[in-house]
Every structure is written in C-alpha cells, then in structure tokens.
Amino acid sequence: MKIAISAKGQGLDAALDPRFGRSPYFVIVDTTTGTTETLLNDNATASGGAGIQTAQFISDQGVELVITGSVGPKAAQVLAQAGIEIHHAKANTVMEALKE
C-alpha cells in the first residue's frame, strides 16, 4: 500500500504538516516494498485550487491512503473519486502519524 503523509520537510522525522493542499512536501511510504521517498508539492504555492491540484498529484502517484491534518471539501471529493482514503492525524512527525 502506498501512503502519502503531508510534511513540512523531508523524511520520516519531518514535522507533519496539518494542511493538505498547501503542504510543501509529501512523504510517500510503500508498505509493500518498504521504500520511502519525499516529493515536493509544487501546488503548495498555487494562487488558487491548491487542494484540488494536490489531490490529483497524489492520485497520480498511485497512493491509496493520505495522512494529514485537514483536507478541504473539494480536495476530499477528488481523493474519494480516486478511491483514496483519508486519515486525519494530530501527530507531530511523519513517523508518529504512520504509527497512528
């Protein structure tokens, strides 16, 4: 399973970003292969529609689960249409969010 976690920095020790669409990074964890990668979210600085564009970006990565603090209704709709589950976390770091 591929999991995307919104992050303020790179890697598992990065702080969890409570924002979805404007999160500067996403840490992608593949539980099947055990690999981890950090992707830059170019949509974080979009003047509008950041949530929808980020949801499409995440969907394009083959992600099945998103862990973040909050997802707007339009982005949530795009994720739902792609079959991506959303888990709302209150963790401090990406690693803590994964453990939740």
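Visitor: Hi! How much of the protein chain counts as buried?
Guide: Hello! Of its 100 residues, 41% count as buried. Buried means under 20% relative accessible area, exposed means over 50%, and partly exposed is in between, with a 1.4 Å probe and protein chains only. This is a predicted model, where local features need pLDDT of at least 70, side-chain atom pairs count only at pLDDT 80 or more, and totals for chains, interfaces and linings use all residues. Residues are numbered from 1 along each chain as its sequence is written, and side-chain values use heavy atoms, with hydrogens and water left out.

Visitor: Okay, which helices and strands does the protein chain have, and in what order?
Guide: The protein chain has three helices and five strands. Starting at the N terminus, the order is β-β-β-α-β-α-β-α. Both kinds of element are DSSP runs numbered from the N terminus: helices are H or I with at least four residues, and strands are E with at least two.

Visitor: Why does the radius of gyration agree with a compact globule?
Guide: Because a compact globule with 100 residues would have a radius of gyration near 13 Å, and the protein chain has 12 Å. The radius is taken over C-alpha atoms, and the globule rule is 2.2 Å times the number of residues to the power 0.38. Along its principal axes, the C-alpha trace spans about 30 × 25 × 20 Å.

Visitor: Let's zoom in. Where is Thr93?
Guide: Thr93 is in the loop between strand 5 (85-88) and helix 3 (94-99). A polar atom of the Thr93 side chain lies 3.1 Å from the backbone nitrogen of Glu96.

Visitor: Which residues is Thr93 in contact with, leaving aside neighbours within four places in sequence?
Guide: Leu12, Asp13, Ala14, Ala15 and Leu16. Contact means heavy atoms within 4.5 Å.

Visitor: Where does Leu12 sit, then?
Guide: Leu12 is in the loop between strand 1 (2-7) and strand 2 (25-30). Leu12 counts as partly exposed because its relative accessibility is 25%. Not counting residues up to four places away in sequence, Leu12 touches Val27, Val29, Thr36, Thr93, Val94, Met95 and Leu98. The C-alpha atoms of Leu12 and Thr45 are separated by 23 Å, and these residues are 33 apart along the chain.

Visitor: Ala14 was on the Thr93 list too. Is Ala14 buried or exposed?
Guide: Ala14 counts as buried, because its relative accessibility is 7%. Ala14 is found in the loop between strand 1 and strand 2. Residues up to four places away in sequence aside, Ala14 touches Ala7, Gly9, Asn92, Thr93 and Val94.

Visitor: What about Asp17, buried or exposed?
Guide: Asp17 counts as buried, because its relative accessibility is 0%. Asp17 is found in the loop between strand 1 and strand 2. Beyond residues up to four places away in sequence, those that Asp17 touches include Arg22, Thr68 and Gly69.

Visitor: Now Ala89: where is it found?
Guide: Ala89 is found in the loop between strand 5 and helix 3. With 8% relative accessibility, Ala89 counts as buried. Ala89 and Pro18 are 71 residues apart along the chain, with their C-alpha atoms separated by 8.0 Å. Leaving aside neighbours within four places in sequence, Ala89 is in contact with Leu16, Ile67, Thr68, Gly69, Ala97 and Glu100.

Visitor: Last one: where is Ala50, and what is it in contact with?
Guide: Ala50 is in helix 1 (residues 50-60). Apart from neighbours within four places in sequence, Ala50 is in contact with Gly21, Arg22 and Asn43. Ala50 counts as buried, at 4% relative accessibility.

Terms used:
Polar contact = N/O pair within 3.5 Å; in protein donor to acceptor, adjacent residues only side chain to side chain.
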